[in-house]
Amino acid sequence: MEELIATLKTQIVEQLNLQHLKAEEIGTDQPLFGEGLGLDSIDALELIVLLQQKYGIKLADPTEGPKVFQTVRSMAEYISSHKAA
Amino acid sequence: MNNVRISSFASFKNGTLKVNGNVLLESAMETFFSTYYEVMKLNYPKFFKMDNLSKLAFVTCDKLFEQDAAEEVISAFEKGLIFSTADGCLDTDEKYFQSTESIPSPALFVYTLPNIAAGELSIRHGLKGETATFIFEEFNPEFQTKYVQSLFEEKRVSICISGWANFYGESTEAFFYLVRKSENGIIHSTENIQKLLDKSWKN
């Protein structure tokens, strides 16, 4: 899980063009939206693309989004459970 | 109306950014924008999400208000922007088209309009007045002057950024200036703008 979390942080920085940040500066349990990392609605769409491109996971139910994209850890858990399924 | 003046101007060409004719930053084009962000100690994370046309307009306009000595408070609704470009967002259009070969990128898609750069400038400088984007084959000082002058005559702006940016292929250039009512500064005329442009773009 820790390896996946580290990889995810790097992928998020690249996919979302967060060049002002280093991957390791993103807290594993830091909220990705709002007062956490401050991502916006376009970033949310890019995270969906990331899941599909890098992990082959399609977010079939859009209402799952807020829960899945809460933190890097919640994303990693979602990826783990859906890759295993 | 002869009290409409140019209070500051800035240009970009061949990796050189000048403000009021003085070199502010020179750097290789490939790294210019990230170098600018670092050197100027910007704290504006959205900068990295912008397309190249927006970044070019952003860095060129960034110091216009700083160089403007006037201190009066102007309503955002009296701050205008008249922007022109030749190739608009073609650079981004092509990148977006390439992305459609796999999964289209939403972040690229939002920049596939030529007037998005004007939107980014408006956000950065708090401009909520008249805004327009025009497409010309090259910068057209005469049109731009007449249009901006009419905004002042109709009292639709108290201050206005006017200028040009183009980012496509070999063409990476920008020229912007700040126009306001004032007794000081350069008289806002086609001839003066052409002179400033010639001086700015000359290495």
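This is a predicted model: local features need pLDDT of at least 70, side-chain atom pairs count only at pLDDT 80 or more; totals for chains, interfaces and linings use all residues.
Two packed helices are described by the angle between their axes and the distance between the axes. In chain B, helix α2 (residues 52-61) and helix α5 (residues 116-125) have axes that come within 8 Å and cross at roughly 40°. The crossing of α2(B) with α5(B) is right-handed. On the side of α2(B), the contact involves L53(B), S54(B), A57(B), F58(B) and C61(B); α5(B) contributes I116(B), A117(B), E120(B), L121(B), R124(B) and H125(B). By class, the residues of this helix contact comprise seven nonpolar, two polar and two charged.

R124(B), one of the α5(B) residues in that contact, also forms a salt bridge with D62(B), with the closest N and O atoms 3.1 Å apart. This pair links distant parts of the chain, 62 residues apart: R124(B) belongs to helix α5 of chain B, whereas D62(B) lies in the loop between α2 and β4 (79-85) of chain B. Over all chains, a search of the whole structure finds ten salt bridges.

The size of an interface is often given as the accessible area lost when the parts come together. Between chain B and chain A, the buried area is about 1000 Å², and carbon and sulfur atoms give 64% of this area. Within chain B, the residues that lose the most area to chain A are F48(B), K49(B) and I103(B), which together account for 54% of what that side buries. Twelve residues from chain B and twelve residues from chain A take part in the contact.

Four residue pairs are in polar contact between chain B and chain A, both residues being at pLDDT 80 or more. The count of salt bridges between these two chains is one. In the salt bridge of K49(B) with D43(A), the closest N and O atoms are 2.7 Å apart. Helix α4 (residues 106-109) of chain B, with three residues, gives the most to the side of chain B that touches chain A. The residues on that side divide into nine nonpolar, two polar and one charged.

Technical notes: Residues are numbered from 1 along each chain as its sequence is written. Chains are lettered from A and ligands numbered from 1 in the order in which they are written. Side-chain values use heavy atoms; hydrogens and water are left out. Axes are lines fitted to C-alpha atoms, for helices over the stretch in contact, and angles run from 0 to 180 degrees between N-to-C directions. Helices (H or I, at least four residues) and strands (E, at least two) are DSSP runs, numbered from the N terminus. A crossing is left-handed if the near helix is turned anticlockwise from the far one by less than a right angle, and right-handed if clockwise. Contact means heavy atoms within 4.5 Å. Ala, Val, Leu, Ile, Met, Phe, Trp, Tyr, Cys and Pro count as nonpolar, Asp, Glu, Lys and Arg as charged, and the others, Gly among them, as polar. Buried area is the accessible area (1.4 Å probe) that two parts lose on being put together, summed over both. A salt bridge is a side-chain nitrogen of Lys or Arg within 4 Å of a carboxyl oxygen of Asp or Glu. A polar contact is a pair of N or O atoms within 3.5 Å; within protein, one must be able to donate a hydrogen and the other to accept it, and residues adjacent in sequence count only if both atoms are side-chain atoms.
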